[in-house]
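Biologist: I am new to this structure. Could you walk me through how to read its features?

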Amino acid sequence: MKQLYIHPLPVRIWHWTNAFGFLLLIATGLQIRYMDLMQVVSFHTAVVWHNWIGFVLIGNFFVWLGFYLFTDKIKVYHPELSPTKYFRESWRQIQFYGYGIFRGEANPHHPNAYRKFNPLQSMMYQIIMMLLVPLQFFTGLVLWDVTRFASVVDLFGGLRVVDTVHVLLFIVFSGFMIVHVYLGSLGHTPSAHFKAMITGYEDIEDEAHQPPTA
């Protein structure tokens with residue numbers, strides 16, 4: 001087992017800011033939506049917190065985007081351009097998650113600083129970070145001031161449509177965070193990947209102990 005520096009400091013700061021921010025958005029969003037069932041804080045306080053946390057995460061997103069756009073770490077998000085190779089490696093990863101991990105088999109994906117995501121993660125993170133997160137921020141910004149963005153609300157079919165998209169994305173992100181924590185616990189120890197996102201160093205099996213990938 002060796003250690004490899006995979007998660008740069010800016011990425012780790014972004015990650016934990018994003019994680020705690022989304023948890024707070026979920027908590028305040030539930031408070032706003034279900035005020036008649038629970039009232040930890042007042043409706044006004046929940047709305048103010050929800051809005052300000054949202055603005056912080058929007059800024060945090062652009063920090064993340066700027067880091068990847070202006071450094072060579074953007075290679076982490078480069079898609080696999082060979083469909084055959086992508087589907088072959090994705091199938092191996094599905095088999096590993098489906099039953100290989102329960103039989104003690106080694107993970108077919110061997111991360112490095114420029115290829116830290118397995119094929120399934122790579123596709124998922126591209127969809128989430130390039131489509132779903134910006135869409136959630138956009139709908140949240142519109143709901144923040146529906147009067148100012150009245151023309152945008154009308155363009156997208158009315159307030160109910162914008163609100164429904166925002167809530168559906170909330171459900172998607174809530175589910176994603178549960179799955180994300182579960183997958184994060186699948187290292188050689190349950191806490192290995194979480195520690196790596198604090199220190200930056202992932203524990204990597206030596207090449208001699210890794211199964212062939214061909």
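Modeller: Let us begin with a single residue. His15 counts as buried, because its relative accessibility is 16% and the cut-off for buried is under 20%. Keep in mind that this is a predicted model.

Biologist: Where is His15 found?

Modeller: His15 is found in helix α1.

Biologist: Which residues is His15 in contact with, leaving aside its neighbours within four places in sequence?

Modeller: His180 and Met197.

Biologist: Let me step back to the whole chain. How many helices and strands does the chain have?

Modeller: The count is seven helices and two strands. Read from the N terminus, the order is β-α-α-α-α-α-α-α-β. The C-alpha trace spans about 60 × 35 × 35 Å along its principal axes. The chain has 214 residues, and 32% of them are buried.

Biologist: What do the contacts say about sequence separation?

Modeller: Take the contacts between residues at least 6 apart in sequence. Of these, 68% join residues at least 24 apart.

Biologist: Now a helix. How do I read its sides?

Modeller: Start with the general idea. An α-helix has 3.6 residues a turn, so residues three or four places apart point the same way. Now the case here. Helix α3 covers residues 83-100, and its buried residues are Tyr86, Glu89, Ser90, Gln93, Phe96 and Gly100. They sit on the same side of α3, because their arc around the axis is only 160°.

Biologist: Which exposed residues does the face turned away from the buried side of α3 carry?

Modeller: That face carries Pro83, Thr84, Phe87 and Trp91.

Biologist: What do the buried residues of α3 pack against?

Modeller: They pack against α4.

Biologist: Next, the nonpolar core. How many residues does the largest one have?

Modeller: The largest nonpolar core has 23 residues. Those with the most contacts inside it are Trp64, Tyr68, Tyr77, Met129, Val133 and Phe173. Helices α1, α2, α4 and α6 each supply at least two residues of this core.

Biologist: Take Tyr77. What does Tyr77 touch, not counting residues up to four places away in sequence?

Modeller: Tyr77 touches Trp64, Tyr68, Phe117, Tyr125, Gln126 and Met129.

Biologist: How does one look for empty space?

Modeller: Rolling a probe the size of a water molecule over the atoms shows where empty space is left. In this model, a search of the whole structure finds one cavity of 30 Å³ or more. The largest cavity has a volume of about 30 Å³.

Biologist: Which residues line the largest cavity?

Modeller: The lining is Pro10, Val11, Trp14, Val63, Trp64, Phe67 and Tyr68. Trp64 and Tyr68 are also among the core residues with the most contacts. Helices α1 (9-33) and α2 (43-69) each give at least two residues to this lining. The largest share, four residues, comes from α2.

Biologist: Which lining residues lie nearest the centre of the second largest pocket?

Modeller: Gly29, Ile32, His50, Leu143 and His166 do, out of 27 lining residues. The lining of this pocket divides into 18 nonpolar, seven polar and two charged residues.

Notes
Residues are numbered from 1 along each chain as its sequence is written. This is a predicted model: local features need pLDDT of at least 70, side-chain atom pairs count only at pLDDT 80 or more; totals for chains, interfaces and linings use all residues. Side-chain values use heavy atoms; hydrogens and water are left out. On a 1 Å grid over the protein atoms alone, a cavity is a set of points where a 1.4 Å probe fits but cannot get out, and a pocket is an open set with protein on both sides within 12 Å along at least five of seven lines; lining residues have an atom within 4 Å of a point. Grid points are joined across faces, edges and corners, and a volume is the space filled by probe spheres set on the points. A nonpolar core is a set of buried Ala, Val, Leu, Ile, Met, Phe, Trp, Tyr and Cys residues joined through side-chain atoms within 4.5 Å. Buried means under 20% relative accessible area, exposed over 50%, partly exposed in between (1.4 Å probe, protein chains only). Contact means heavy atoms within 4.5 Å. Ala, Val, Leu, Ile, Met, Phe, Trp, Tyr, Cys and Pro count as nonpolar, Asp, Glu, Lys and Arg as charged, and the others, Gly among them, as polar. The arc is that of the directions from the helix axis to the C-beta atoms.
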